[in-house]
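Here is a short report on a ligand site, a sheet and a pocket. Please keep the sequence and the model in view while reading.

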Amino acid sequence: MIQLIRGVRDILPEEVGLWQKIEKTATSLFENFGFCEIRLPVIEFTELFARSIGQDTDIVEKEMYTFLNKKDELITLRPEATASVVRAYIQHRLYAVDPVQKFYTIGPMFRKERPQKGRYRQFYQINAEMIGVDSPLADAQLIFMLVELFNRLSVSDISIHLNSLGCPECRPGFKKTLQKFISNTTAKLCSDCDRRKDKNPLRVLDCKVFACREAMKDAPSITEHLCNECSEHFEAVKIALNDLNIIFEIDKRLVRGLDYYTRTTFEVQTGSLGAQSAVAGGGRYDKLIESLGGPSQPAIGFAIGFDRLAEIISSNSVEVSCKPDLFIAALGEKAKNMALKWSCDLSLSGIKTETDFSDKGLKGQMKKADRIAAAYVLILGDNELGEGSAILRNMTTKEQISVPVDGIVENIRLRFAENQKVL
Ligand code: ATP
Ligand code: MG
């Protein structure tokens, strides 16, 4: 039997109710904050990611699914969405009318990581990106919106980690200080960090290997090396978050795994996921648009790990969305033909109606109605047909009544529409 590829997974109908709930909650919240949906392809030229995410990041060095197309061009399955959002903003000159643009997008990302719980090779993200605003108030507003999403989904076990990564003015100085710290440590770093420590020492701060984490415990803090402007920006973000009653902690290790970040970076972590504790991450990328050939516009955004968010939320709290309101158990040719017509009419009027066209007897059909958790069953057999009526049964209370076949669709529609007890 052909099975799933390692590291990818199916989201089965029983989980989809939860995924849809998350999606609806996120989209309606984001739209209230003025974000518009953008849908982007899952393949792009490799160069887009290499140039934006950074050559010596984990993602670009070893996690991308890349292939040559027939024209010998390098193509990559997107590992993240921000680069594509920026590409679209530049390519379609979305800045021409107004440089301020707010987008959200939801979809699959691909990274060749070691599969484990909460870490997949195809996973889903919900992204929100705000381009064209450099005010620290925008940072606070975006974080507020993200926290509100967790509130609306009743996810309470979260903490907001905040840091600033400075800018091209002040980061080089910090990099040097960090390089010095690393070269003075006697601890043995993992081979990746050892290789990257000179060129990109910030990556060592982000490493998840225990030995590297230990080695960097007393590493210098970037927030002590910020230039005046970055420092003022960071202070203003903290004040604005306090004004919005957002509780956060400063996390000097939070450098994020992508090179394009500047200034504010943040992560939402949870205690409910074990090792894979980051459920969302984001930050400013004030130089990225210009570096990809667009106008010099600041930006900030975040990505929520959809799979991890769904994992935290207890699936019990969500109704199984495909549970039918009504199951029509029809016996015999004539009854089945009537059931077909009724089920179409009732479905169109918004009542989730299920019917069974097999040759099962009444017992078999009732069993099926039970199994799919139908709230009501309409039974139509030869006897009933002869009497010009069908039986409507409440599957919870087992109460049942006889309903005339004449005008039955309207009759049932009204019972459901009254939104009270159907019977
Ligand atoms: P992590 O620290 O867990 O590796 P990351 O910093 O690589 O995450 P980002 O690139 O910032 O992650 O992506 C944002 C969010 O996407 C993460 O916080 C996480 O919830 C989710 N995510 C990232 N990689 C995966 C994956 N392989 N499988 C499932 N979710 C993921
Ligand atoms: Mg990662």
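Which residues lie nearest the centre of the second largest pocket? They are Arg171, Lys175, Asn200, Asp259 and Tyr260, out of 24 lining residues. This is a predicted model, where local features need pLDDT of at least 70, side-chain atom pairs count only at pLDDT 80 or more, and totals for chains, interfaces and linings use all residues. Residues are numbered from 1 along each chain as its sequence is written, chains are lettered from A and ligands numbered from 1 in the order written, and side-chain values use heavy atoms, with hydrogens and water left out.

**The pocket**

A pocket is an open set of points on a 1 Å grid over the protein atoms alone, where a 1.4 Å probe fits, with protein on both sides within 12 Å along at least five of seven lines; lining residues have an atom within 4 Å of a point. The second largest pocket holds about 360 Å³ of space, a volume filled by probe spheres set on the points. Elements giving two or more residues to its lining are α2 (46-53), α6 (171-184), α8 (202-206) and α11 (288-291). Helices (H or I, at least four residues) and strands (E, at least two) are DSSP runs, numbered from the N terminus. The largest share, three residues, comes from α6. By class, the lining has nine nonpolar, six polar and nine charged residues.

**The ligand site**

Ligand 1 is surrounded by 15 residues, each with a heavy atom within 4 Å of the ligand. Arg111, Glu113, Arg256, Ala278 and Arg308 are the closest. Polar contacts are pairs of N or O atoms within 3.5 Å.

| Protein atom | Ligand 1 atom | Distance |
|---|---|---|
| Arg119, polar side-chain atom | oxygen | 2.9 Å |
| Tyr120, backbone N or O | nitrogen | 2.9 Å |
| Ala278, backbone N or O | oxygen | 2.8 Å |

Taken alone, ligand 1 exposes 580 Å², and the protein buries 93% of that. These areas come from the Shrake-Rupley method with a 1.4 Å probe. β6 (122-131), β10 (278-284) and β11 (299-305) each give two or more residues to the shell. β10 supplies the largest share, three residues. The shell divides into six nonpolar, three polar and six charged residues.

**The sheet**

Eight strands form an open sheet with mixed pairing, in the order β1-β5-β6-β11-β10-β9-β7-β8. Strands pair if DSSP finds at least two bridges between them. β1 (36-37) and β8 (248-250) stand at the edges, each with a single partner strand, so one side of each has no neighbour in the sheet. Strand β7 (residues 158-164) pairs with β8 in the parallel sense over three bridges. Leu162 stands opposite Ile250 in β8.

Methods. Polar contact = N/O pair within 3.5 Å; in protein donor to acceptor, adjacent residues only side chain to side chain. Nonpolar A, V, L, I, M, F, W, Y, C, P; charged D, E, K, R; others polar.
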